[in-house]
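Thank you all for coming; I would like to go through one structure this morning, starting with a sheet and then turning to helices and chain contacts. Please have a look at it first.

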Amino acid sequence: MATNADPGPPGTSALIKRHSLATRLWHWITAVCLLVLLTSGLQIFNAHPSLYWGSDSDFDSPFLSIGARRDANGDPMGYVSIEGLQIPTTGVLGWSSVNGHMQARAFPAWATLPGPQWLSLGRHWHFTAAWVFGVLLVFYLLYSIVSRRRRRLIGVHRGEMGRFGHEVVKHATLRFSRARSYNIIQKLTYLTVLFVLLPLMVLTGLTMSPTMDAAWPWLTEVFGGRQSARTLHFLCAFALVAFFLVHLLLVLISGVLNNMRAMITGGYQTDGQTDGWADDRADAAPAGTHGANAEERHHGQR
Amino acid sequence: MANDDRAPRTTPNRQRRRVLGGLGALGATGLLAGCDWTHSQAVREFLGKTENLTQAAQRLVASRESLAREYDKSDIAPTFRPNGTIKPQTPAYQKLLDSNFTDYRLDIHGLVARPASFSLAELKAMPSRTQITRHDCVEGWSCIGQWTGVVLGDLLDRVQPKDNARFVVFYCADHLYGSPRPYYESLDMIEARHPQTILAYGLNGSALPVTYGAPIRLRAERRLGYKMAKYVMHIELVESFAGIQGGHGGYWEDRGYSWWAGV
(Lines give C-alpha, C1' and ligand atoms only; values in the text may rest on other atoms or scores of the structure.)
Protein backbone atom coordinates (compact mmCIF):
# COMPACT_ATOMS: atom_id res chain seq x y z
CA MET A 1 0.00 0.00 0.00
CA ALA A 2 1.26 3.47 -0.88
CA THR A 3 2.41 5.59 2.02
CA ASN A 4 -0.02 8.40 1.23
CA ALA A 5 -2.82 5.93 1.65
CA ASP A 6 -1.63 4.76 5.04
CA PRO A 7 -4.61 4.94 7.35
CA GLY A 8 -2.41 5.50 10.38
CA PRO A 9 -3.45 4.34 13.77
CA PRO A 10 -7.20 4.38 14.37
CA GLY A 11 -8.42 7.44 16.12
CA THR A 12 -6.15 9.83 14.27
CA SER A 13 -7.14 11.41 10.99
CA ALA A 14 -5.24 10.63 7.84
CA LEU A 15 -5.15 11.81 4.25
CA ILE A 16 -5.72 8.78 2.12
CA LYS A 17 -5.97 8.34 -1.61
CA ARG A 18 -9.60 7.48 -2.20
CA HIS A 19 -9.99 7.55 -5.99
CA SER A 20 -7.53 6.61 -8.72
CA LEU A 21 -7.03 8.82 -11.75
CA ALA A 22 -9.09 6.34 -13.79
CA THR A 23 -12.05 6.69 -11.45
CA ARG A 24 -11.84 10.47 -11.36
CA LEU A 25 -11.63 10.79 -15.14
CA TRP A 26 -14.44 8.31 -15.65
CA HIS A 27 -16.64 10.07 -13.11
CA TRP A 28 -16.40 13.52 -14.68
CA ILE A 29 -16.54 12.44 -18.31
CA THR A 30 -19.56 10.28 -17.52
CA ALA A 31 -21.20 13.14 -15.64
CA VAL A 32 -20.98 15.32 -18.75
CA CYS A 33 -22.19 12.45 -20.95
CA LEU A 34 -25.19 11.81 -18.72
CA LEU A 35 -26.17 15.47 -18.82
CA VAL A 36 -26.04 15.42 -22.63
CA LEU A 37 -27.83 12.06 -22.78
CA LEU A 38 -30.63 13.24 -20.50
CA THR A 39 -31.29 16.55 -22.25
CA SER A 40 -31.00 15.13 -25.77
CA GLY A 41 -33.09 12.17 -24.62
CA LEU A 42 -35.86 14.53 -23.55
CA GLN A 43 -35.61 16.17 -26.98
CA ILE A 44 -36.08 12.74 -28.61
CA PHE A 45 -38.94 11.88 -26.24
CA ASN A 46 -40.70 15.10 -27.27
CA ALA A 47 -41.05 13.73 -30.83
CA HIS A 48 -43.53 11.17 -29.49
CA PRO A 49 -44.25 11.90 -25.82
CA SER A 50 -46.01 8.64 -24.98
CA LEU A 51 -44.76 5.40 -23.44
CA TYR A 52 -46.16 1.91 -23.85
CA TRP A 53 -45.58 -1.64 -22.67
CA GLY A 54 -45.03 -4.53 -25.09
CA SER A 55 -43.74 -4.73 -28.66
CA ASP A 56 -45.73 -1.99 -30.32
CA SER A 57 -47.62 1.18 -29.47
CA ASP A 58 -51.23 0.99 -28.34
CA PHE A 59 -51.88 4.62 -29.21
CA ASP A 60 -55.24 4.78 -27.44
CA SER A 61 -53.95 3.74 -24.03
CA PRO A 62 -50.34 4.69 -23.37
CA PHE A 63 -48.83 3.89 -19.99
CA LEU A 64 -47.63 7.49 -19.73
CA SER A 65 -48.07 10.50 -21.95
CA ILE A 66 -47.37 14.21 -21.80
CA GLY A 67 -49.50 16.53 -23.84
CA ALA A 68 -51.54 19.70 -24.21
CA ARG A 69 -55.31 20.10 -24.42
CA ARG A 70 -57.96 22.70 -23.71
CA ASP A 71 -59.34 22.95 -20.20
CA ALA A 72 -62.98 23.63 -19.24
CA ASN A 73 -62.57 27.35 -20.04
CA GLY A 74 -61.10 26.61 -23.44
CA ASP A 75 -57.59 27.65 -22.37
CA PRO A 76 -54.63 25.48 -23.32
CA MET A 77 -53.16 23.42 -20.51
CA GLY A 78 -50.32 20.94 -20.19
CA TYR A 79 -50.79 17.57 -18.55
CA VAL A 80 -49.06 14.34 -17.65
CA SER A 81 -51.22 11.26 -17.93
CA ILE A 82 -50.18 8.09 -16.08
CA GLU A 83 -52.38 5.05 -16.66
CA GLY A 84 -55.20 7.45 -17.57
CA LEU A 85 -54.79 9.67 -14.49
CA GLN A 86 -54.25 13.26 -15.63
CA ILE A 87 -52.07 15.65 -13.65
CA PRO A 88 -52.05 19.33 -14.72
CA THR A 89 -48.51 20.52 -15.46
CA THR A 90 -49.07 23.77 -17.38
CA GLY A 91 -45.90 25.86 -17.68
CA VAL A 92 -43.50 22.97 -17.35
CA LEU A 93 -44.72 19.80 -19.05
CA GLY A 94 -46.96 19.71 -22.12
CA TRP A 95 -47.49 23.46 -22.49
CA SER A 96 -44.55 25.74 -21.79
CA SER A 97 -42.93 28.98 -22.83
CA VAL A 98 -40.32 29.16 -25.60
CA ASN A 99 -38.85 32.66 -25.89
CA GLY A 100 -41.97 34.13 -24.30
CA HIS A 101 -44.41 32.21 -26.47
CA MET A 102 -46.39 29.32 -25.01
CA GLN A 103 -45.94 26.16 -27.05
CA ALA A 104 -47.20 22.59 -27.00
CA ARG A 105 -44.13 20.50 -26.18
CA ALA A 106 -43.69 17.69 -23.68
CA PHE A 107 -40.48 18.78 -21.94
CA PRO A 108 -39.75 22.52 -21.87
CA ALA A 109 -37.07 24.15 -24.03
CA TRP A 110 -34.75 24.75 -21.07
CA ALA A 111 -34.56 20.99 -20.46
CA THR A 112 -33.89 19.80 -24.01
CA LEU A 113 -30.78 19.68 -26.17
CA PRO A 114 -30.95 21.52 -28.47
CA GLY A 115 -33.55 23.96 -27.14
CA PRO A 116 -35.77 24.17 -30.23
CA GLN A 117 -37.75 21.10 -31.28
CA TRP A 118 -35.14 19.40 -33.47
CA LEU A 119 -35.28 15.61 -33.44
CA SER A 120 -32.44 14.87 -35.87
CA LEU A 121 -29.92 17.00 -33.99
CA GLY A 122 -31.11 15.67 -30.63
CA ARG A 123 -30.42 12.19 -31.95
CA HIS A 124 -26.90 13.15 -33.10
CA TRP A 125 -26.11 14.57 -29.65
CA HIS A 126 -27.60 11.50 -27.98
CA PHE A 127 -25.73 8.89 -29.99
CA THR A 128 -22.42 10.74 -29.83
CA ALA A 129 -22.62 10.95 -26.03
CA ALA A 130 -23.88 7.35 -25.92
CA TRP A 131 -20.75 6.11 -27.69
CA VAL A 132 -18.44 7.83 -25.22
CA PHE A 133 -20.55 6.80 -22.23
CA GLY A 134 -21.08 3.20 -23.34
CA VAL A 135 -17.47 2.41 -24.23
CA LEU A 136 -16.12 4.00 -21.04
CA LEU A 137 -18.73 2.16 -18.97
CA VAL A 138 -17.60 -1.23 -20.24
CA PHE A 139 -13.98 -0.49 -19.36
CA TYR A 140 -14.86 1.06 -16.02
CA LEU A 141 -17.00 -1.87 -14.92
CA LEU A 142 -14.16 -4.25 -15.76
CA TYR A 143 -11.77 -1.99 -13.85
CA SER A 144 -14.15 -1.88 -10.88
CA ILE A 145 -14.10 -5.66 -10.74
CA VAL A 146 -10.35 -6.15 -11.01
CA SER A 147 -9.09 -3.09 -9.09
CA ARG A 148 -8.22 -3.78 -5.49
CA ARG A 149 -8.89 -0.18 -4.53
CA ARG A 150 -12.36 -0.20 -6.07
CA ARG A 151 -13.20 -3.58 -4.55
CA ARG A 152 -12.17 -2.35 -1.11
CA LEU A 153 -14.17 0.84 -1.52
CA ILE A 154 -17.45 -0.54 -2.82
CA GLY A 155 -17.25 -4.31 -2.24
CA VAL A 156 -19.78 -5.64 0.27
CA HIS A 157 -18.14 -7.86 2.88
CA ARG A 158 -19.63 -10.87 4.57
CA GLY A 159 -21.89 -9.85 7.41
CA GLU A 160 -21.86 -6.21 6.43
CA MET A 161 -25.53 -6.22 5.52
CA GLY A 162 -26.22 -6.47 9.23
CA ARG A 163 -25.10 -2.85 9.60
CA PHE A 164 -27.74 -1.57 7.22
CA GLY A 165 -30.20 -0.49 9.93
CA HIS A 166 -27.43 1.18 11.90
CA GLU A 167 -26.38 3.15 8.81
CA VAL A 168 -29.97 4.17 8.05
CA VAL A 169 -30.19 5.69 11.54
CA LYS A 170 -26.87 7.46 11.08
CA HIS A 171 -27.95 8.88 7.70
CA ALA A 172 -31.34 9.93 9.06
CA THR A 173 -29.69 11.87 11.87
CA LEU A 174 -27.16 13.34 9.41
CA ARG A 175 -24.17 11.85 11.20
CA PHE A 176 -21.60 11.05 8.54
CA SER A 177 -18.31 9.45 9.37
CA ARG A 178 -15.26 9.83 7.18
CA ALA A 179 -14.24 6.23 6.90
CA ARG A 180 -11.75 4.66 4.53
CA SER A 181 -14.33 2.69 2.61
CA TYR A 182 -17.95 3.45 1.88
CA ASN A 183 -20.69 2.52 4.31
CA ILE A 184 -23.14 -0.18 3.34
CA ILE A 185 -25.78 2.25 2.00
CA GLN A 186 -23.20 3.93 -0.22
CA LYS A 187 -21.90 0.58 -1.38
CA LEU A 188 -25.33 -0.75 -2.33
CA THR A 189 -26.27 2.52 -4.04
CA TYR A 190 -23.10 2.72 -6.12
CA LEU A 191 -23.25 -0.99 -6.95
CA THR A 192 -26.85 -0.59 -8.13
CA VAL A 193 -26.07 2.47 -10.22
CA LEU A 194 -22.88 1.00 -11.70
CA PHE A 195 -23.92 -2.56 -12.31
CA VAL A 196 -27.68 -2.27 -12.80
CA LEU A 197 -28.94 1.18 -13.83
CA LEU A 198 -26.13 2.28 -16.14
CA PRO A 199 -25.93 -1.06 -18.02
CA LEU A 200 -29.74 -1.06 -18.27
CA MET A 201 -29.59 2.34 -19.96
CA VAL A 202 -27.21 0.93 -22.59
CA LEU A 203 -29.13 -2.32 -23.11
CA THR A 204 -32.62 -0.78 -23.28
CA GLY A 205 -31.17 1.84 -25.64
CA LEU A 206 -29.76 -0.86 -27.92
CA THR A 207 -33.11 -2.68 -27.85
CA MET A 208 -34.75 0.30 -29.52
CA SER A 209 -32.51 -0.16 -32.57
CA PRO A 210 -34.16 -2.28 -35.28
CA THR A 211 -30.74 -3.34 -36.57
CA MET A 212 -29.66 -4.48 -33.08
CA ASP A 213 -32.93 -6.42 -32.70
CA ALA A 214 -32.06 -8.34 -35.88
CA ALA A 215 -28.47 -8.91 -34.68
CA TRP A 216 -29.34 -9.80 -31.07
CA PRO A 217 -32.98 -10.98 -30.94
CA TRP A 218 -32.61 -11.79 -27.22
CA LEU A 219 -32.70 -8.06 -26.47
CA THR A 220 -36.42 -7.73 -27.13
CA GLU A 221 -37.05 -11.01 -25.31
CA VAL A 222 -35.29 -9.81 -22.19
CA PHE A 223 -37.12 -6.48 -21.99
CA GLY A 224 -40.52 -7.66 -23.21
CA GLY A 225 -40.58 -5.81 -26.52
CA ARG A 226 -39.27 -2.62 -28.07
CA GLN A 227 -41.83 -0.32 -26.50
CA SER A 228 -41.24 -1.84 -23.05
CA ALA A 229 -37.53 -1.21 -23.56
CA ARG A 230 -38.28 2.41 -24.46
CA THR A 231 -40.40 2.81 -21.31
CA LEU A 232 -37.69 1.21 -19.14
CA HIS A 233 -35.09 3.47 -20.77
CA PHE A 234 -37.16 6.48 -19.67
CA LEU A 235 -37.81 5.14 -16.15
CA CYS A 236 -34.14 4.22 -15.59
CA ALA A 237 -33.14 7.68 -16.80
CA PHE A 238 -35.33 9.25 -14.13
CA ALA A 239 -34.04 6.80 -11.53
CA LEU A 240 -30.60 8.19 -12.41
CA VAL A 241 -31.91 11.74 -12.03
CA ALA A 242 -33.21 10.81 -8.57
CA PHE A 243 -29.83 9.24 -7.72
CA PHE A 244 -28.07 12.40 -8.92
CA LEU A 245 -30.18 14.65 -6.67
CA VAL A 246 -29.55 12.54 -3.58
CA HIS A 247 -25.88 12.14 -4.54
CA LEU A 248 -25.50 15.91 -4.88
CA LEU A 249 -27.28 16.58 -1.59
CA LEU A 250 -25.13 14.10 0.34
CA VAL A 251 -21.91 15.37 -1.25
CA LEU A 252 -22.90 18.84 -0.09
CA ILE A 253 -23.85 18.00 3.51
CA SER A 254 -21.29 15.33 4.37
CA GLY A 255 -18.18 17.47 3.93
CA VAL A 256 -18.31 19.05 0.50
CA LEU A 257 -14.67 20.11 0.23
CA ASN A 258 -13.34 16.73 1.35
CA ASN A 259 -15.73 14.95 -0.99
CA MET A 260 -14.85 17.17 -3.93
CA ARG A 261 -11.14 16.75 -3.28
CA ALA A 262 -11.57 12.98 -3.35
CA MET A 263 -13.02 13.18 -6.86
CA ILE A 264 -10.58 15.83 -8.14
CA THR A 265 -7.12 15.12 -6.70
CA GLY A 266 -8.08 11.79 -5.20
CA GLY A 267 -7.14 12.81 -1.65
CA TYR A 268 -9.58 12.18 1.17
CA GLN A 269 -9.25 13.08 4.83
CA THR A 270 -10.55 10.32 7.06
CA ASP A 271 -11.58 11.04 10.62
CA GLY A 272 -9.55 8.12 11.79
CA GLN A 273 -12.39 5.86 12.66
CA THR A 274 -12.57 2.69 10.68
CA ASP A 275 -15.69 1.63 8.94
CA GLY A 276 -15.83 -1.42 11.16
CA TRP A 277 -15.06 -3.83 8.37
CA ALA A 278 -12.57 -4.83 5.90
CA ASP A 279 -9.36 -3.03 5.75
CA ASP A 280 -8.17 -2.62 9.29
CA ARG A 281 -7.56 -6.32 9.53
CA ALA A 282 -6.08 -6.71 6.06
CA ASP A 283 -3.83 -3.73 6.58
CA ALA A 284 -2.57 -5.04 9.90
CA ALA A 285 -4.07 -2.37 12.12
CA PRO A 286 -2.70 -2.47 15.66
CA ALA A 287 -4.22 -5.17 17.83
CA GLY A 288 -7.16 -4.29 19.98
CA THR A 289 -8.54 -1.65 17.68
CA HIS A 290 -11.39 -3.59 16.25
CA GLY A 291 -13.53 -1.42 14.04
CA ALA A 292 -16.64 -1.51 16.15
CA ASN A 293 -14.66 -0.33 19.17
CA ALA A 294 -13.17 2.49 17.17
CA GLU A 295 -16.58 3.51 16.05
CA GLU A 296 -18.02 3.43 19.54
CA ARG A 297 -15.11 5.50 20.69
CA HIS A 298 -15.86 7.99 18.01
CA HIS A 299 -19.49 8.18 18.96
CA GLY A 300 -18.45 8.64 22.56
CA GLN A 301 -16.58 11.75 21.56
CA ARG A 302 -19.65 13.43 20.22
CA MET B 1 -44.39 5.36 -40.19
CA ALA B 2 -42.42 5.94 -43.28
CA ASN B 3 -41.58 9.33 -44.30
CA ASP B 4 -42.02 11.29 -41.13
CA ASP B 5 -40.55 12.40 -37.90
CA ARG B 6 -43.62 14.25 -36.79
CA ALA B 7 -47.08 13.52 -35.54
CA PRO B 8 -49.34 12.42 -38.33
CA ARG B 9 -52.39 14.22 -36.97
CA THR B 10 -51.09 17.52 -38.29
CA THR B 11 -51.72 18.19 -41.95
CA PRO B 12 -48.77 19.24 -44.11
CA ASN B 13 -50.10 22.82 -44.18
CA ARG B 14 -50.27 23.17 -40.40
CA GLN B 15 -46.98 21.40 -40.26
CA ARG B 16 -45.42 23.93 -42.61
CA ARG B 17 -46.68 26.77 -40.48
CA ARG B 18 -45.22 25.09 -37.44
CA VAL B 19 -41.89 24.61 -39.19
CA LEU B 20 -41.88 28.27 -40.25
CA GLY B 21 -42.83 29.31 -36.72
CA GLY B 22 -40.04 27.12 -35.40
CA LEU B 23 -37.55 28.68 -37.79
CA GLY B 24 -38.72 32.13 -36.65
CA ALA B 25 -38.28 31.17 -33.01
CA LEU B 26 -34.87 29.77 -33.87
CA GLY B 27 -33.88 33.05 -35.48
CA ALA B 28 -35.10 34.93 -32.41
CA THR B 29 -33.03 32.65 -30.18
CA GLY B 30 -30.05 33.37 -32.40
CA LEU B 31 -30.53 37.10 -31.97
CA LEU B 32 -31.02 36.83 -28.23
CA ALA B 33 -28.23 34.46 -27.38
CA GLY B 34 -25.79 35.18 -30.16
CA CYS B 35 -25.41 31.90 -31.97
CA ASP B 36 -26.41 28.92 -29.88
CA TRP B 37 -23.36 26.69 -30.16
CA THR B 38 -25.33 23.51 -29.45
CA HIS B 39 -26.73 23.70 -32.96
CA SER B 40 -23.99 25.51 -34.85
CA GLN B 41 -22.97 24.12 -38.22
CA ALA B 42 -19.58 22.93 -36.93
CA VAL B 43 -21.16 21.05 -34.01
CA ARG B 44 -23.72 19.44 -36.30
CA GLU B 45 -21.02 18.27 -38.68
CA PHE B 46 -18.91 16.87 -35.88
CA LEU B 47 -21.81 15.06 -34.22
CA GLY B 48 -22.97 13.68 -37.57
CA LYS B 49 -19.67 11.84 -37.93
CA THR B 50 -20.54 9.37 -35.17
CA GLU B 51 -23.11 7.95 -37.58
CA ASN B 52 -20.17 6.30 -39.37
CA LEU B 53 -19.10 4.67 -36.11
CA THR B 54 -22.64 3.38 -35.49
CA GLN B 55 -22.83 2.07 -39.04
CA ALA B 56 -19.47 0.28 -38.80
CA ALA B 57 -20.35 -1.24 -35.42
CA GLN B 58 -23.78 -2.43 -36.53
CA ARG B 59 -22.34 -3.89 -39.74
CA LEU B 60 -19.97 -5.82 -37.50
CA VAL B 61 -22.57 -7.29 -35.14
CA ALA B 62 -25.49 -7.68 -37.57
CA SER B 63 -24.60 -10.22 -40.21
CA ARG B 64 -25.87 -9.74 -43.75
CA GLU B 65 -28.48 -12.42 -43.21
CA SER B 66 -29.67 -11.61 -39.67
CA LEU B 67 -33.44 -11.33 -39.85
CA ALA B 68 -35.76 -8.84 -38.24
CA ARG B 69 -38.18 -10.52 -35.84
CA GLU B 70 -41.38 -11.76 -37.44
CA TYR B 71 -44.54 -11.74 -35.34
CA ASP B 72 -47.77 -13.73 -35.14
CA LYS B 73 -51.04 -12.78 -36.80
CA SER B 74 -52.43 -11.98 -33.34
CA ASP B 75 -49.77 -9.27 -32.91
CA ILE B 76 -50.98 -7.24 -35.91
CA ALA B 77 -52.07 -3.74 -34.86
CA PRO B 78 -55.84 -3.13 -35.37
CA THR B 79 -55.04 0.14 -37.15
CA PHE B 80 -51.62 0.66 -38.66
CA ARG B 81 -50.53 4.22 -38.01
CA PRO B 82 -50.01 6.16 -41.25
CA ASN B 83 -47.79 9.18 -41.55
CA GLY B 84 -45.67 11.10 -43.95
CA THR B 85 -47.68 11.67 -47.10
CA ILE B 86 -51.06 9.97 -46.94
CA LYS B 87 -52.12 10.89 -50.47
CA PRO B 88 -49.82 12.23 -53.22
CA GLN B 89 -51.32 15.28 -54.89
CA THR B 90 -49.73 15.20 -58.36
CA PRO B 91 -51.98 14.82 -61.43
CA ALA B 92 -49.79 11.96 -62.63
CA TYR B 93 -50.44 10.00 -59.45
CA GLN B 94 -54.15 10.84 -59.57
CA LYS B 95 -54.25 9.40 -63.09
CA LEU B 96 -52.58 6.20 -61.94
CA LEU B 97 -55.04 5.96 -59.06
CA ASP B 98 -58.00 6.50 -61.42
CA SER B 99 -56.78 3.58 -63.53
CA ASN B 100 -56.47 1.50 -60.37
CA PHE B 101 -52.74 1.34 -61.18
CA THR B 102 -53.25 -0.68 -64.37
CA ASP B 103 -51.05 1.92 -66.13
CA TYR B 104 -48.38 1.74 -63.44
CA ARG B 105 -44.90 0.72 -64.57
CA LEU B 106 -41.97 0.28 -62.24
CA ASP B 107 -38.83 1.19 -64.15
CA ILE B 108 -35.52 -0.12 -62.90
CA HIS B 109 -32.60 1.64 -64.57
CA GLY B 110 -29.14 3.06 -64.01
CA LEU B 111 -26.14 0.79 -63.49
CA VAL B 112 -27.84 -2.41 -64.64
CA ALA B 113 -27.07 -4.71 -67.55
CA ARG B 114 -30.75 -5.18 -68.46
CA PRO B 115 -33.00 -2.22 -67.57
CA ALA B 116 -36.57 -3.38 -67.17
CA SER B 117 -40.06 -2.17 -66.51
CA PHE B 118 -42.71 -4.06 -64.55
CA SER B 119 -46.47 -3.61 -64.37
CA LEU B 120 -48.18 -4.15 -61.03
CA ALA B 121 -49.67 -7.40 -62.38
CA GLU B 122 -46.20 -8.59 -63.37
CA LEU B 123 -44.84 -7.79 -59.92
CA LYS B 124 -47.72 -9.67 -58.29
CA ALA B 125 -47.10 -12.66 -60.58
CA MET B 126 -43.54 -13.03 -59.29
CA PRO B 127 -42.78 -15.14 -56.21
CA SER B 128 -43.96 -13.19 -53.16
CA ARG B 129 -42.95 -12.93 -49.54
CA THR B 130 -45.33 -12.22 -46.65
CA GLN B 131 -43.91 -11.06 -43.34
CA ILE B 132 -45.42 -9.75 -40.10
CA THR B 133 -42.93 -7.21 -38.86
CA ARG B 134 -42.59 -4.28 -36.49
CA HIS B 135 -42.36 -0.83 -38.00
CA ASP B 136 -40.16 1.45 -35.88
CA CYS B 137 -40.62 5.16 -36.44
CA VAL B 138 -37.75 7.55 -35.76
CA GLU B 139 -40.18 9.35 -33.42
CA GLY B 140 -40.15 6.34 -31.11
CA TRP B 141 -43.40 4.48 -31.71
CA SER B 142 -43.85 1.02 -33.22
CA CYS B 143 -46.64 -0.68 -35.17
CA ILE B 144 -46.93 -4.29 -36.30
CA GLY B 145 -48.31 -5.12 -39.74
CA GLN B 146 -48.31 -7.90 -42.30
CA TRP B 147 -46.65 -6.98 -45.57
CA THR B 148 -46.80 -8.91 -48.86
CA GLY B 149 -44.59 -8.11 -51.79
CA VAL B 150 -41.93 -9.09 -54.24
CA VAL B 151 -38.43 -9.63 -52.91
CA LEU B 152 -36.23 -6.78 -54.15
CA GLY B 153 -33.32 -9.21 -54.61
CA ASP B 154 -35.37 -11.14 -57.20
CA LEU B 155 -35.96 -7.96 -59.18
CA LEU B 156 -32.26 -7.11 -58.99
CA ASP B 157 -31.44 -10.55 -60.39
CA ARG B 158 -33.67 -9.77 -63.36
CA VAL B 159 -31.98 -6.46 -64.17
CA GLN B 160 -28.44 -7.62 -63.31
CA PRO B 161 -26.69 -4.79 -61.46
CA LYS B 162 -23.26 -3.85 -62.80
CA ASP B 163 -20.21 -4.27 -60.59
CA ASN B 164 -19.99 -0.57 -59.82
CA ALA B 165 -23.62 -0.33 -58.62
CA ARG B 166 -23.41 0.44 -54.87
CA PHE B 167 -26.80 1.90 -53.99
CA VAL B 168 -30.42 1.37 -54.96
CA VAL B 169 -32.34 4.66 -55.09
CA PHE B 170 -36.13 4.73 -54.81
CA TYR B 171 -38.00 7.69 -56.34
CA CYS B 172 -41.52 8.33 -55.09
CA ALA B 173 -44.70 10.05 -56.26
CA ASP B 174 -45.18 12.21 -53.16
CA HIS B 175 -43.87 15.66 -52.35
CA LEU B 176 -43.70 15.65 -48.55
CA TYR B 177 -44.60 18.97 -46.88
CA GLY B 178 -44.78 20.67 -50.25
CA SER B 179 -41.18 19.88 -51.13
CA PRO B 180 -40.52 20.91 -54.75
CA ARG B 181 -38.78 17.58 -55.29
CA PRO B 182 -40.30 14.17 -54.67
CA TYR B 183 -39.56 11.92 -51.71
CA TYR B 184 -36.69 9.54 -52.30
CA GLU B 185 -34.63 7.02 -50.37
CA SER B 186 -31.67 4.71 -50.89
CA LEU B 187 -30.28 1.41 -49.62
CA ASP B 188 -26.88 -0.17 -50.06
CA MET B 189 -26.64 -3.45 -51.97
CA ILE B 190 -26.42 -5.51 -48.76
CA GLU B 191 -29.73 -4.18 -47.47
CA ALA B 192 -31.30 -4.24 -50.94
CA ARG B 193 -30.49 -7.96 -51.21
CA HIS B 194 -31.62 -8.80 -47.67
CA PRO B 195 -34.29 -11.53 -47.79
CA GLN B 196 -36.82 -9.35 -45.91
CA THR B 197 -36.35 -6.32 -48.16
CA ILE B 198 -39.48 -6.33 -50.30
CA LEU B 199 -41.51 -4.02 -52.49
CA ALA B 200 -44.85 -4.46 -50.75
CA TYR B 201 -48.16 -4.32 -52.61
CA GLY B 202 -50.24 -5.81 -49.79
CA LEU B 203 -50.96 -4.89 -46.16
CA ASN B 204 -52.72 -7.23 -43.74
CA GLY B 205 -53.99 -9.44 -46.57
CA SER B 206 -55.49 -6.65 -48.73
CA ALA B 207 -54.16 -4.52 -51.55
CA LEU B 208 -51.90 -1.79 -50.19
CA PRO B 209 -54.13 1.27 -49.53
CA VAL B 210 -53.13 4.72 -50.80
CA THR B 211 -52.57 5.87 -47.21
CA TYR B 212 -49.74 3.35 -46.84
CA GLY B 213 -48.03 3.90 -50.21
CA ALA B 214 -50.02 2.29 -53.06
CA PRO B 215 -49.24 0.78 -55.42
CA ILE B 216 -45.92 -0.28 -53.85
CA ARG B 217 -43.77 0.76 -50.92
CA LEU B 218 -40.41 -0.38 -49.75
CA ARG B 219 -39.98 -2.52 -46.62
CA ALA B 220 -36.44 -2.62 -45.13
CA GLU B 221 -37.15 -4.26 -41.83
CA ARG B 222 -33.80 -3.64 -40.12
CA ARG B 223 -34.10 0.11 -40.58
CA LEU B 224 -36.23 2.96 -39.26
CA GLY B 225 -39.52 3.85 -40.92
CA TYR B 226 -38.34 6.80 -42.96
CA LYS B 227 -36.15 4.48 -45.08
CA MET B 228 -39.25 2.67 -46.30
CA ALA B 229 -40.30 4.87 -49.19
CA LYS B 230 -43.99 4.89 -50.12
CA TYR B 231 -45.44 5.38 -53.66
CA VAL B 232 -42.27 4.04 -55.34
CA MET B 233 -42.37 5.09 -59.02
CA HIS B 234 -38.94 4.10 -60.33
CA ILE B 235 -35.69 2.66 -59.08
CA GLU B 236 -32.16 3.61 -60.09
CA LEU B 237 -28.91 1.83 -59.32
CA VAL B 238 -26.05 4.23 -58.77
CA GLU B 239 -22.44 4.28 -57.68
CA SER B 240 -23.00 7.35 -55.50
CA PHE B 241 -26.04 9.39 -54.48
CA ALA B 242 -23.98 12.58 -54.10
CA GLY B 243 -25.60 14.16 -57.15
CA ILE B 244 -29.20 13.32 -56.27
CA GLN B 245 -31.25 16.11 -54.65
CA GLY B 246 -29.47 17.19 -51.44
CA GLY B 247 -26.84 14.49 -51.92
CA HIS B 248 -27.40 12.59 -48.66
CA GLY B 249 -29.37 9.66 -50.07
CA GLY B 250 -32.89 10.51 -48.96
CA TYR B 251 -35.51 13.14 -48.15
CA TRP B 252 -34.94 13.07 -44.37
CA GLU B 253 -31.21 12.47 -44.80
CA ASP B 254 -31.05 15.78 -46.69
CA ARG B 255 -32.69 17.30 -43.60
CA GLY B 256 -30.12 16.05 -41.08
CA TYR B 257 -31.29 12.49 -40.37
CA SER B 258 -28.91 9.57 -40.54
CA TRP B 259 -28.65 7.62 -43.79
CA TRP B 260 -27.90 4.38 -41.93
CA ALA B 261 -31.09 4.67 -39.86
CA GLY B 262 -30.33 1.53 -37.86
CA VAL B 263 -30.85 3.13 -34.44
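Two strands are taken to pair if DSSP finds at least two bridges between them, and strands themselves (E, at least two residues), like helices (H or I, at least four residues), are DSSP runs numbered from the N terminus. What you see is a predicted model, in which local features need pLDDT of at least 70 and side-chain atom pairs count only at pLDDT 80 or more, while totals for chains, interfaces and linings use all residues. Residues are numbered from 1 along each chain as its sequence is written, and chains are lettered from A and ligands numbered from 1 in the order in which they are written.

In chain A, 4 strands form an open sheet with antiparallel pairing, in the order β2-β3-β4-β5, and its edge strands, each pairing on one side only, are β2 (50-51) and β5 (85-88). The antiparallel strands β2(A) and β3(A), the latter covering residues 64-70, are joined by 2 bridges, and A:Ser50 has A:Ser65 of β3(A) as its bridge partner.

Turning to the chain contact, where residues touch if their C-beta atoms, placed from the backbone, lie within 7 Å, we find 34 residues from chain A and 42 residues from chain B. On the side of chain A that touches chain B, α1 (21-47), α2, α6 (210-215) and α8 (226-253) of chain A each supply at least two residues, and α2(A) gives the most, with 8 residues.

How values were computed
Contact = placed C-beta atoms within 7 Å.
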